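Please look over the sequence and the model, then read on.

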Amino acid sequence: MADALTTLSVGQGIGLAAGVATLALLAAPETAVAQAFEDKLELCMSCHGEKGFSSVQGVPSIAGRTLNEIVHQLRLFRSGQREHQQMVMAKRLTDQEIEQLAAYFSAKSLPR
Ligand code: HEC
């Protein structure tokens with residue numbers, strides 16, 4: 001598990017940096033809140049893929065899920081009703097962040 005994580009952060013760092021730079025231009029980065037949100041989004045994308053389309057074994061794609069489903073799953077992870085070692089960061093998400101993240105990923109679609 002530790003090995004998989006290390007490979008992941010190194011391997012995806014480059015593509016991710018480009019994606020995040022684009023996002024930073026699109027979103028309004030002037031508030032601290034927006035910055036914190038982008039930091040979290042960046043972390044999600046480091047595992048779930050830039051557009052929520054995962055190429056990492058063991059990590060599900062979350063693009064194209066409904067907003068409600070993503071919100072629901074994130075709340076389960078936050079409360080501990082659903083547990084996964086790699087999803088522990090969900091425990092620190094606010095309601096607003098959960099909804100923003102769900103809106104972001106549900107608006108993406110899986111490549112066909
Ligand atoms: C360290 C890697 C990692 C990070 C960071 C991460 N996830 Fe996950 N995520 C996973 C894994 C692995 C699973 C599958 C857990 C399981 O098998 O139960 C998962 C599951 C999910 C699911 C449920 C998908 C399903 O099929 O039910 C959602 C939704 C989700 N993650 C969203 C997010 C969001 C949003 C973020 C950012 C706040 C995030 N994840 C950050 C690895 C990660």
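## Overall make-up

The protein chain holds four helices and zero strands; helices (H or I, at least four residues) and strands (E, at least two) are taken as DSSP runs and numbered from the N terminus. Read from the N terminus, the order of elements is α-α-α-α. This is a predicted model, in which local features need pLDDT of at least 70 and side-chain atom pairs count only at pLDDT 80 or more, while totals for chains, interfaces and linings use all residues. Residues are numbered from 1 along each chain as its sequence is written.

Of the 112 residues in the protein chain, 17% are buried. A residue is called buried if 20 or more other C-beta atoms lie within 10 Å of its own, exposed if 12 or fewer, and partly exposed in between, with C-beta atoms placed from the backbone. Among contacts in the protein chain between residues at least 6 apart in sequence, 59% link residues at least 24 apart. Two residues are in contact if their C-beta atoms, placed from the backbone, lie within 7 Å.

## Confidence

The predictor's confidence in each residue is given as pLDDT, from 0 to 100. For the protein chain the mean pLDDT is 83, and 71% of the residues reach 70 or more. Confidence is lowest in helix α1 (residues 2-26), with a mean of 55, and highest in α3, with 98. Where pLDDT is low, the predicted coordinates should not be read in detail.

## The nonpolar core

The largest nonpolar core has 15 residues, and those with the most contacts inside it are L41, I70, L74, L101, A102 and F105. Helices α2 (32-48), α3 (67-79) and α4 (95-106) are the elements that give two or more residues to this core. Its largest share, five residues, comes from α4. A nonpolar core here means a set of buried Ala, Val, Leu, Ile, Met, Phe, Trp, Tyr and Cys residues joined through C-beta atoms within 7 Å.

Leaving aside neighbours within four places in sequence, L74 is in contact with A90, L93, I98, L101 and A102. F77 lies in helix α3 and is buried, because 20 other C-beta atoms are within 10 Å. Beyond its neighbours within four places in sequence, F77 is in contact with R82, M87 and A90. F77 and M87 are 10 residues apart in sequence, and their C-alpha atoms are 6.9 Å apart in space.

## Helix α2

The 17 residues of α2 should span 24 Å at 1.5 Å a residue, and the end C-alpha atoms are 24 Å apart, which agrees. The expected span is 1.5 Å times one less than the number of residues in the helix. After α2 comes G49, whose phi is positive, near 95 degrees. Within α2, the residues F37, L41, C44, M45 and S46 are buried.

Setting aside neighbours within four places in sequence, L41 is in contact with L101 and Y104, and K40 with E97 and L101. L41 is 59 residues from Q100 in sequence and 9.4 Å from Q100 in space, C-alpha to C-alpha. K40 and M89 are 49 residues apart along the chain, with 8.8 Å between their C-alpha atoms.

## Around the ligand

Which residues come nearest to the ligand? Of the 19 residues around the ligand, they are C44, C47, P60, H84 and Q86. The elements that give two or more residues to this shell are α2 and α3, and the largest share, six residues, comes from α2. A residue is near a molecule or strand if its C-beta atom, placed from the backbone, lies within 6 Å of it.

The shell divides into 12 nonpolar residues, six polar and one charged. Ala, Val, Leu, Ile, Met, Phe, Trp, Tyr, Cys and Pro count as nonpolar, Asp, Glu, Lys and Arg as charged, and the others, Gly among them, as polar.
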